[in-house]
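Here are some short notes to read alongside the sequence and the model. Please keep the structure open while going through the points.

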Amino acid sequence: MNKETELMLIKTALEYRKHSYSPYSHFKVGAALLGKNGRVFGGCNIENAGYSSTNCAERTAFFKAVSEGTREFEAIAIVGGAGEEPSELCAPCGVCRQVMAEFCKADEFSIIMAVNEENYEVHTLAELLPYGFGPANLDT
Ligand code: THU
């Protein structure tokens, strides 16, 4: 993936972070998911008074994409933090990594964890979810 695409995804994730519904944690997260078809799906975290009903930004983006017919993905950018602007990298939670593993090739899918367009890291899903359990494990 080229740098221009990385920056576009970070910018989009920062835009979607503005929609975060997080009245309980005040931790605002945005994500931007790039499909292999070139489509970009944004997401934010959506909290709930029944705390476990909360949906992370990454899963919001994935579920939007899959529900619109996109199932193959290149990369996701994630930005998160409690302040007005993010100040540290935000890593995806375990549940979101598992959702990524359902749809993405672990050694090909890029996860961009960003503070902003100047400060970010790119890792593969394989790096963040070694020995993952995925659809291939159920093939008989
Ligand atoms: N959260 C995300 O949306 N994505 C992450 O990668 C980490 C955590 C949300 C869930 C909850 O709304 C808040 O951040 C605090 O955990």
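1. This is a predicted model. Y21 sits in the loop between α1 and β1.

2. Y24, at 40% relative accessibility, counts as partly exposed. Y51, at 60%, counts as exposed.

3. How many aromatic pairs does the structure hold? There are five. Y24 and Y51 form one that is tilted, with 5.6 Å centre to centre and 45° between the planes. Y24 lies in the loop between α1 (3–17) and β1 (28–35), and Y51 in the loop between β2 (40–44) and α2 (57–67), so this pair ties together parts that are 27 residues apart in sequence.

4. Ring pairs also link F62, F73, F103 and F109 into a cluster.

5. The ligand is surrounded by 13 residues, of which N45, E47, A57, E58 and A91 are the closest. The side chain of N45 has an N or O atom 2.9 Å from an oxygen atom of the ligand. For the side chain of E47, the corresponding distance to a ligand oxygen atom is 2.5 Å. A91 uses its backbone: an N or O atom there lies 3.2 Å from an oxygen atom of the ligand. On its own the ligand has 380 Å² of accessible area, and the protein covers 78% of that.

Technical notes
Residues numbered from 1 in each chain as written. Predicted model: local features only at pLDDT ≥ 70, side-chain atom pairs only at ≥ 80, totals over all residues. Heavy atoms only, no water. Phe/Tyr/Trp six-rings, centres within 6.5 Å; stacked < 30°, edge-to-face > 60°. Helix = DSSP H or I, 4+ residues; strand = E, 2+ residues; numbered from the N terminus. Buried < 20%, exposed > 50% of the residue type's maximum accessible area, 1.4 Å probe, protein only. Near = heavy atom within 4 Å. Polar contact = N/O pair within 3.5 Å; in protein donor to acceptor, adjacent residues only side chain to side chain. Areas by Shrake-Rupley, 256 points an atom, 1.4 Å probe, with all protein chains shown as cover.
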